[in-house]
Amino acid sequence: MNKFLIGSSLLGLTNTKDTDYLYILEENETVPQNDGSGVDLRCRTKTNIIETLKFEGEDERKLFNYQLDQQINPSFASYYSYNILDYKEEIISFLKNIVKEKLYNFNKIIFQGNQCCSKMIYHIAYNLFIVENNSSLITSEQKQIIQEIHDLQKPIEYLDELATRINAL
């Protein structure tokens, strides 16, 4: 079975409500149903996942590619060897487009009640940290920032800092 742990559980974050897995469908295989057990299956075909990992096409899920890097997810490396830093220029271009187009909740205007960064922002920050560190491994301080964003505890003003750092790449 081609099932790989992804998401906040893979990254060692706390306060997770479920466990996410990437399930790669074999040819002519039907999509398995989620059974309500707290396991969330994200089903993809092998062709689709490889295109996405290479930053090809319009698939928004490129934001999550880092979770399949061989240093972050060694079990996936046995299926497909992937080093996200091979696509460093693509990551930079992708991040700059997110800031420019205000994608993935990267927009302070949409947060009227809760003045904190949305959970989606931690993926943007993680990608930025990879580029800045020139490594798919992040520091303990960076992991703490990721956890704060995940827990909706990072003020919305943090988007300004992220935008400045992304635009400086």
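Let's start with the aromatic cluster: Phe55, Tyr82, Tyr87, Phe94 and Tyr104 form one cluster together. What I mean by a pair here is rings of Phe, Tyr or Trp (its six-membered ring) with centres within 6.5 Å, and planes under 30 degrees apart are called stacked, over 60 edge-to-face, and the rest tilted.

Before I go on, a word on what you're looking at. This is a predicted model, so local features need pLDDT of at least 70 and side-chain atom pairs count only at pLDDT 80 or more, while totals for chains, interfaces and linings use all residues. Numbering starts from 1 along each chain as its sequence is written, and side-chain values use heavy atoms, with hydrogens and water left out.

OK, back to the rings. How many aromatic pairs does a search of the whole structure find? The search comes back with 9. Take Phe4 and Phe76: the ring centres are 5.1 Å apart and the planes sit at 85 degrees, so that pair is edge-to-face. It links distant parts of the chain, with Phe4 in strand 1 (residues 3-6) and Phe76 in helix 3 (residues 74-77), 72 residues apart.

For the cut-offs, buried is under 20% relative accessible area, exposed is over 50%, and partly exposed is in between, with a 1.4 Å probe and protein chains only.

Phe55 is in the loop between helix 2 (46-53) and helix 3, and Phe94 is in helix 4 (residues 88-101), so the pair ties together parts that are 39 residues apart in sequence. Phe55 counts as buried at 12% relative accessibility, and Phe94 is buried at 14%.

You'll find Tyr104 in the loop between helix 4 and helix 5 (121-133), and with a relative accessible area of 17% it is buried.

What other non-glycine has a positive phi? Leu152 does, at about 60 degrees. Leu152 sits in the loop between helix 6 (140-150) and helix 7 (158-167), but this residue is partly exposed, with a relative accessible area of 37%.

While we're around there, look at Ile149 in helix 6. Ile149 is buried, at 0% relative accessible area. Setting aside neighbours within four places in sequence, Ile149 is in contact with Cys117, Ser118, Lys119, Ile121, Tyr122, Ala125, Lys154 and Tyr158; contact means heavy atoms within 4.5 Å. Asn107 is 42 residues away from Ile149 along the chain, and their C-alpha atoms are separated by 15 Å.

Now over to the strands. Arg42 is in strand 3 (residues 39-45) and is partly exposed, with a relative accessible area of 39%. Which residues does Arg42 touch, not counting those up to four places away in sequence? They are Ile6, Asp20, Tyr21, Leu22 and Tyr23. The C-alpha atoms of Arg42 and Ile24, 18 residues apart along the chain, are separated by 8.3 Å.

Let me zoom out to the whole chain. We've got 7 helices and 3 strands, and from the N terminus on they run β-α-β-β-α-α-α-α-α-α. Along its principal axes the C-alpha trace spans about 45 × 35 × 30 Å. The radius of gyration is 16 Å, which agrees with the value near 15 Å that a compact globule of 169 residues would have. That radius is taken over C-alpha atoms, and the globule rule is 2.2 Å times the number of residues to the power 0.38.

Of the 169 residues, 44% count as buried. And of the contacts between residues at least 6 apart in sequence, 56% join residues at least 24 apart.

Note on methods:
Helices (H or I, at least four residues) and strands (E, at least two) are DSSP runs, numbered from the N terminus.
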